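Please consider each term together with the value on which it rests.

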Amino acid sequence: MKLAVVCSENNLEMLPKLRHVFDSLFIESLAWYPRNDLEKSMDTLERCLDYSPYILCIADRESLSSKWLYYAIGHQRGRTDRLTFWVSAEDADAVPEFANRYVIIVGDEKDVYDYYSEVEESWCEETKAIMARRELTERNIENSSRSFVESVQEGDRFLMGLFLEAGFSPSLRDGAGVPVMSHAIRSGHIDLVEILLDAGADLNGVAEDRGTTPVMDAAAGGHDLLTRRFIELGADLEHVSRDGQTAVILAVGNGRDGAAIELIRGGADVEKKDMLGMSARKYATLYGQSNILQALEEITPG
């Protein structure tokens, strides 16, 4: 990250302190301060301001109404999120009302460090997104939600990662309202699920086509370890699908003994009935699923 710094003459002693702050954050900076001949130094001010869209104005009571400071403000052309003022606590009351639309740091260099550590993190994410979008373009891949969904369905970890870095939501849904995590599970690409979860995907996102959640898709598909993972993360085990079925009913009905047992041991309601009036216990009894019935006996003897 680069930062342009414009400094009042009375605050020049702050520049060496800032150098240590920016070095620790790996921020490159270019500083400017007014010379005796202000008119001549205005040319160099413009070069400094062009150095980076991020600008820090170190101002004091006297310079808050200076020509060079107003020039710096005008140079931003309304980009209020990139212009920051730094003033001491003693001069805070002199900050004009118009400056309240900008970020104002009141304090010492530690306060500057705290602020720019957050800005630098945001800048890294923004830069990462730009690079990811460029990579997609160079690979002739459409930068679209549809292409993101396709990368998940095909199990392409690298491409999916690029889409996430480019700013696509890990909870994104396709045109039918199916979350990408549901696509990963239904396509059998279970290794992608943890990546989506780490990126912040909705644990209980409901797929509008079937009315199922990720744990329900995992259970129906017989993905035992993933079912257990969802249980450990606190997934809703009692959500009902379009057909009135819960995760444990789907597991039993699809003959997924391992997933059903994980859900039973995880506290799923085995007596809850679907639209046919059947519960997980009744289905297990009807189909003679001894492993499931044994697990039920362990949980609720008799």
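Q: What makes α12 and α14 roughly parallel to each other in this predicted model?
A: The axes of α12 (residues 257-265) and α14 (residues 290-299) cross at roughly 10° and come within 9 Å. Angles under 35 degrees count as roughly parallel, and the two helices are therefore roughly parallel to each other.

Q: Which residues make the contact of α12 with α14, and how do they divide by class?
A: On the α12 side they are Asp257, Ala260, Ile261, Ile264 and Arg265, and on the α14 side Asn291, Ile292, Ala295, Leu296, Glu298 and Ile299. By class, this contact has seven nonpolar, one polar and three charged residues.

Q: Which residues of α14 are buried, and how do you know that they line one face of the helix?
A: The buried residues of α14 are Ile292, Ala295 and Leu296. Viewed down the axis of α14, these buried residues fall within an arc of 100°, so they line one face of the helix. The elements that cover them include α11 (247-253), α12 and α13 (280-287).

Q: Why are α6 and α8 called roughly parallel?
A: Helix α6 (residues 157-165) packs with helix α8 (residues 191-198) at an angle of about 15°, and their axes are 11 Å apart. The limit for the term is under 35 degrees, so α6 and α8 are roughly parallel to each other. Their crossing is right-handed.

Q: Which residues of α6 and α8 meet, and how many of them are nonpolar, polar or charged?
A: Arg157, Met160 and Leu164 of α6 meet Asp191, Leu192, Ile195 and Leu196 of α8. The residues of this contact divide into five nonpolar, no polar and two charged.

Q: At what angle do α1 and α4 cross, and what is the hand of the crossing?
A: The axes of α1 (residues 14-24) and α4 (residues 109-138) cross at roughly 35° and come within 10 Å. The crossing in which α1 passes α4 is right-handed.

Q: Which residues of α1 and α4 meet?
A: Met14, Lys17, Leu18, Val21, Phe22 and Ser24 in α1 meet Glu109, Val112, Tyr113 and Tyr116 in α4. The contact of α1 with α4 comprises seven nonpolar, one polar and two charged residues.

Q: Where does Asn140 lie, and how do you know whether Asn140 is buried or exposed?
A: Asn140 lies in the loop between α4 and α5 (145-153). The relative accessible area of Asn140 is 74%. Exposed means over 50%, and Asn140 is therefore exposed. Phi of Asn140 is near 60°, a positive value in a residue other than glycine.

Methods. Residues are numbered from 1 along each chain as its sequence is written. This is a predicted model: local features need pLDDT of at least 70, side-chain atom pairs count only at pLDDT 80 or more; totals for chains, interfaces and linings use all residues. Side-chain values use heavy atoms; hydrogens and water are left out. Axes are lines fitted to C-alpha atoms, for helices over the stretch in contact, and angles run from 0 to 180 degrees between N-to-C directions. Helices (H or I, at least four residues) and strands (E, at least two) are DSSP runs, numbered from the N terminus. Angles under 35 degrees count as roughly parallel, over 145 as roughly antiparallel, 65 to 115 as roughly perpendicular and the rest as oblique. Contact means heavy atoms within 4.5 Å. Ala, Val, Leu, Ile, Met, Phe, Trp, Tyr, Cys and Pro count as nonpolar, Asp, Glu, Lys and Arg as charged, and the others, Gly among them, as polar. Buried means under 20% relative accessible area, exposed over 50%, partly exposed in between (1.4 Å probe, protein chains only). The arc is that of the directions from the helix axis to the C-beta atoms. A crossing is left-handed if the near helix is turned anticlockwise from the far one by less than a right angle, and right-handed if clockwise.
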